[in-house]
Amino acid sequence: MSRTASRPANEAFVLHSHDWSESSLILELFTREHGRVVAVAKGAKRPYSQLRPVLMPFQRLLVNFGAKRSEDAEVWLLRQAEWAGGPAWPGGSALLPGFYLNELLMRLMVRHDPHAELFDAYAQTLQAMGNPALLHAALRAFELVLLRQLGHLPDLASISANGNAVNAGELYELQPDFGVLPARWVGEADSGPVVLDGIVLKNLEQALRSKGHQVIPTVMAACMPVLSELKSLLRTHIHYHLGSQTLRTRQLMMELQHV
């Protein structure tokens, strides 16, 4: 048995690809075992390459990498890739939002930092987005899980400054820099910061602590009553952690809404 064949396969999704030469591709992969990885797929653009029809976004793959010259090598060599089975990607109205998820992962994740639970949540989100009625809930749920997994989202059930539990019926803000704090000012909906009832924050926190295949569906259910509020709130959080970077997919979605 060859050294390549003896290595265990890695579950992966293609986040992005671009030309490296006339016949090869550079890939941004999201793997369950290694996190975000950059790999070169030699010969993948050739007409009869077995890799060519496989290396598509939004389908779960099993991939094998070649031996790395060093453990801190930035670019890995993709040896093999095959479809891992499972439901087909629905596409359609979910296509551009799907690329939005991919861009979030590329911009916010550092390379070679494994997040198996985030990988599973991404796969669940892709399938949930196939139902147009659930698209926005799936996006908000993934944004919440992403921020939590990367350490950017505090415990939503307690006030960040003192650890006291939030109370149902009282309003709270969620700030990127200060975390959860009591609402300082409540006025017209479009005149101040987004505020959420304590019971909403408790439900979101409980949902975020769920495990396995129920993470995204559970968080989606908790998001449903406050989808519009969460859209604005999470946009602020993501922008804060992106810094000066802008999301191309979000800008494109906004432009298409005005066409």
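Analyst: Around Asn102

Asn102 is buried, with a relative accessible area of 1% (buried means under 20%, exposed over 50% and partly exposed in between, using a 1.4 Å probe and protein chains only). Keep in mind that this is a predicted model, where local features need pLDDT of at least 70 and side-chain atom pairs count only at pLDDT 80 or more, while totals for chains, interfaces and linings use all residues. Numbering starts from 1 along each chain as its sequence is written, and side-chain values use heavy atoms, with hydrogens and water left out.

So where does Asn102 sit? You'll find Asn102 in helix H2, residues 95-108 (helices are DSSP runs of H or I with at least four residues, strands are E runs of at least two, and both are numbered from the N terminus). Setting aside neighbours within four places in sequence, Asn102 touches Val14, Leu15, Pro57, Phe58 and Tyr122 (contact means heavy atoms within 4.5 Å). Take Pro57: it lies 45 residues from Asn102 along the chain, and their C-alpha atoms are 8.9 Å apart.

Phe58, another of those partners, is worth a stop of its own. Phe58 belongs to the loop between strand E3 (35-41) and strand E4 (61-65). Its phi is positive, about 70 degrees, although Phe58 is not a glycine. With 5% relative accessibility, Phe58 counts as buried.

His112 shows a positive phi as well, near 60 degrees, and again this is a residue other than glycine. This one is in the loop between H2 and helix H3 (116-128). His112 is partly exposed, though, at 29% relative accessible area.

Now for the helix packing. Helix H4 (residues 135-149) packs on helix H5 (residues 198-208) at about 70 degrees, their axes 11 Å apart (axes are lines fitted to C-alpha atoms, for helices over the stretch in contact, with angles from 0 to 180 degrees between N-to-C directions). That makes H4 and H5 roughly perpendicular (65 to 115 degrees; under 35 is roughly parallel, over 145 roughly antiparallel, and the rest oblique). Leu144, Val145 and Arg148 of H4 meet Leu204, Glu205 and Leu208 of H5. Sorted by class, this contact has four nonpolar, no polar and two charged residues (Ala, Val, Leu, Ile, Met, Phe, Trp, Tyr, Cys and Pro are nonpolar, Asp, Glu, Lys and Arg charged, and the others, Gly among them, polar).

H5 also meets helix H6 (residues 215-223): their axes come within 8 Å and cross at roughly 175 degrees. H5 is therefore roughly antiparallel to H6. The H5 side brings Asn203, Leu204, Ala207 and Leu208, and the H6 side brings Thr218, Val219, Ala222 and Cys223.

Of the 259 residues, 44% are buried. Among contacts between residues at least 6 apart in sequence, 61% join residues at least 24 apart. The chain exposes about 13,700 Å², with carbon and sulfur atoms supplying 53% of that (areas come from the Shrake-Rupley method with a 1.4 Å probe, and for residues only the protein chains shown count as cover).
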